[in-house]
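Visitor: Could you take me through this model slowly, beginning with the words that I will need?

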Amino acid sequence: MLIYIVKRLLVAVPTLLAVLTVVFFFVRIAPGDPTFIILGDQASQQAIAAVHHELGLDRPMLVQYLDFMSTVLQGDLGNSLVTHRPIWNEVANVLPYTIELTLSALFIGVVLGLPLGIAAARHRNETLDYAARIFSLLGLSFPAFVSAIMLLLAFAIELHWFPVISEARTGDPLSRVSALVLPAVNLGLIMVAYVMRVARSSMLGVLGEDYIRTARSKGVPARVVIWRHALGNALIPVVTVVGLYLGVLIGNSVLTEIVFNRPGLGKLIVNSLNQRDYTMLEGLMVIYAFIIVIVNLLTDLTYGLVDPRVRQR
Amino acid sequence: MSEAQHPSLVVDGLTTAFRVEGRWYDAIRDVSFSVAKNETLALVGESGCGKSITALSIMGLVPKANGRITAGRVLLDGRDLVPLDETEMEKIRGNAISMIFQEPMTSLNPVLPIGFQVAEALRYHTALAGEAARARALALLEHVKIPSAARRFDDYPHQFSGGMRQRVMIAIALACSPQIILADEPTTALDVTIQAQVLALLAELKSETGMAMIFITHNLGVVASIADRVAVMYAGDLIEIAPVEELFEHPMHPYTEALLSSIPRVDRDAGDLKPIAGQVPPITAMPSGCRYADRCPLRVPRCTKMPPLVALAVDPKHRVRCWVRAAEESANA
Ligand SMILES: Nc1ncnc2c1ncn2[C@@H]1O[C@H](COP(=O)(O)OP(=O)(O)OP(=O)(O)O)[C@@H](O)[C@H]1O
Ligand code: SF4
Ligand SMILES: [Mg+2]
């Protein structure tokens, strides 16, 4: 397992470098000159050149690239064009909120989705299975912001169980949790739908496998056959989906953060888009690149935990 | 060794049906035989004739989604297993009756260490747990001749060859010293040399333990070397059953005759049962009378009207299911 971890880490490094490279060129190639945003389109040639120089845009591409890579890898994302504060500080301020939202949604998704999927597979074509499948279809086809608004209407505005305006930033842990519940449920339900769907289909596949019959032929109790023999194998595709979906989840969290008025990476992106905060956007892309690489790495490591064939490769 | 003495397992009128596109069809029909302690009964027949379904029906492992036992009894020491619920069957499976499957490459769980999979067979039927179960499982692996078993105890199935995996399966099946073991083509998927080794191992273990065995195979060469009695199946019917020498010397059913005449000579490759013209009808399209009628050279009008009954041959241990041959026998008698 140790060798496997080291190998995965070694693979993650070039992936990260490649993604950063893409971010760098994407930003340079994208149309629009950030100096116009800073100076307005009436700016003199001289002023533009001065800003170019200040941003380092007058240097050769290769130099810019090396400079970008080395500062990013040192953890320096530069300053916001709008607030002039370090980008890393802005991100660090809101990152915990996005992480707590994503992880709670993931938790809800796995804790509900997995048992539901397994139950649906065991009771294939029975009422429970149909109900679960309809729910998963709804969950997959419902836009996240619509369900967010519906949750707000029902539980915040009608029932007053949770705050309408988020108080996520208060120091009080209780109100922080209560501000988290609705957004986490909103994203979590979609996750439940995803996890349930793959868990069901991969469980159905696994239950037909020869080794399940072997386990039963040994007299292993049905419960143990499901949770030890079948689940161990059925988890492999579930891990893939959870890993892939974490990316989608981060995207969905943008809309959820806006509807629920939560601080987070999503809101930061929208604000910097509105303000055309070009350096901020570049910094956020770098952060997302890091997150995706880390999620992939965690997915790979989970594979290793679940599947001995993988970790011995 | 007569079946009348100590029938360990009696199968009586066993009928198992599958639902295919909304209708139920019998995959095996009115199958009856018994096996005694110490005895090996070979179950032979072409592919699709119901050998595996017979074994799975005995184990209570017919896939529930679309299959069920519709009639008959499976008596283990006089106790009928058919009406037992899942929890009661769990106490019997792997304990009193074990099964070895055809496909060693897929029959072990890929995410569990093999030692664990052997120890697990002990866990639910014996008082052994933890270290004691581990020690016993290791002894079993050594018994089935897994080289350096101690070192390989925690290895996973993908680290073993097909022959070694089948040895692991045998260790699992033997773990609780069952009264009877069902071996469903345990060597078919293996190389010829490995086949011989695994067969030798099975024969050795069987003579040590005195258990009964039902050995399912295509290969009549194997039958001659391992079986005491032979049951021949065709299209879900058990059509002939006799002691092994008797069957080889005086086959009665035209299908058995055809099978025997299709055995390759010693100077040729040992082989499968195939070269009879035609094929086994699918369970959805069984003829109403004798199911062998389409391929049978002896067919008479009665054959296609009514399914033949089981008749005793001169020797009471020899039974056959054929209108023509049964009539000849009773005329001779
Ligand atoms: N789950 C199922 N659903 C429908 N039909 C089935 C099912 N399982 C088996 N059958 C049918 O039952 C018949 C007997 O199958 P069985 O597996 O017992 O054959 P077999 O004698 O073991 O053949 P082989 O030598 O190929 O293993 C076949 O016609 C098969 O198509
Ligand atoms: S019953 Fe008739 S068709 Fe069937 S095997 Fe005997 S002779 Fe042939
Ligand atoms: Mg079979």
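Guide: Axes are lines fitted to C-alpha atoms, for helices over the stretch in contact, and angles run from 0 to 180 degrees between N-to-C directions. The model is predicted, with local features needing pLDDT of at least 70 and side-chain atom pairs 80 or more, while totals for chains, interfaces and linings use all residues. Residues are numbered from 1 along each chain, chains are lettered from A and ligands numbered from 1 as written, and side-chain values use heavy atoms without hydrogens and water.

Visitor: How many helices does chain A have?
Guide: Helices (H or I, at least four residues) and strands (E, at least two) are DSSP runs, numbered from the N terminus. In chain A the elements run α-α-α-α-α-α-α-α-α-α-α-α-α, and the C-alpha atoms fill a box of roughly 85 × 55 × 35 Å along the principal axes. With zero strands, the number of helices in chain A is 13.

Visitor: At what angle do α5 and α8 of chain A pack?
Guide: Helix α5(A) covers residues 87-122 and helix α8(A) covers residues 173-207. Their axes are 5 Å apart, and the angle is about 35°.

Visitor: How do α1(A) and α4(A) lie to each other?
Guide: The axes of α1(A), residues 2-29, and α4(A), residues 61-73, come within 11 Å and cross at roughly 130°. Angles under 35 degrees count as roughly parallel, over 145 as roughly antiparallel, 65 to 115 as roughly perpendicular and the rest as oblique. The two helices are therefore oblique.

Visitor: Which tryptophan is among the residues surrounding ligand 2?
Guide: Surrounding residues have a heavy atom within 4 Å. Among them are His253(B), Tyr292(B) and Trp323(B).
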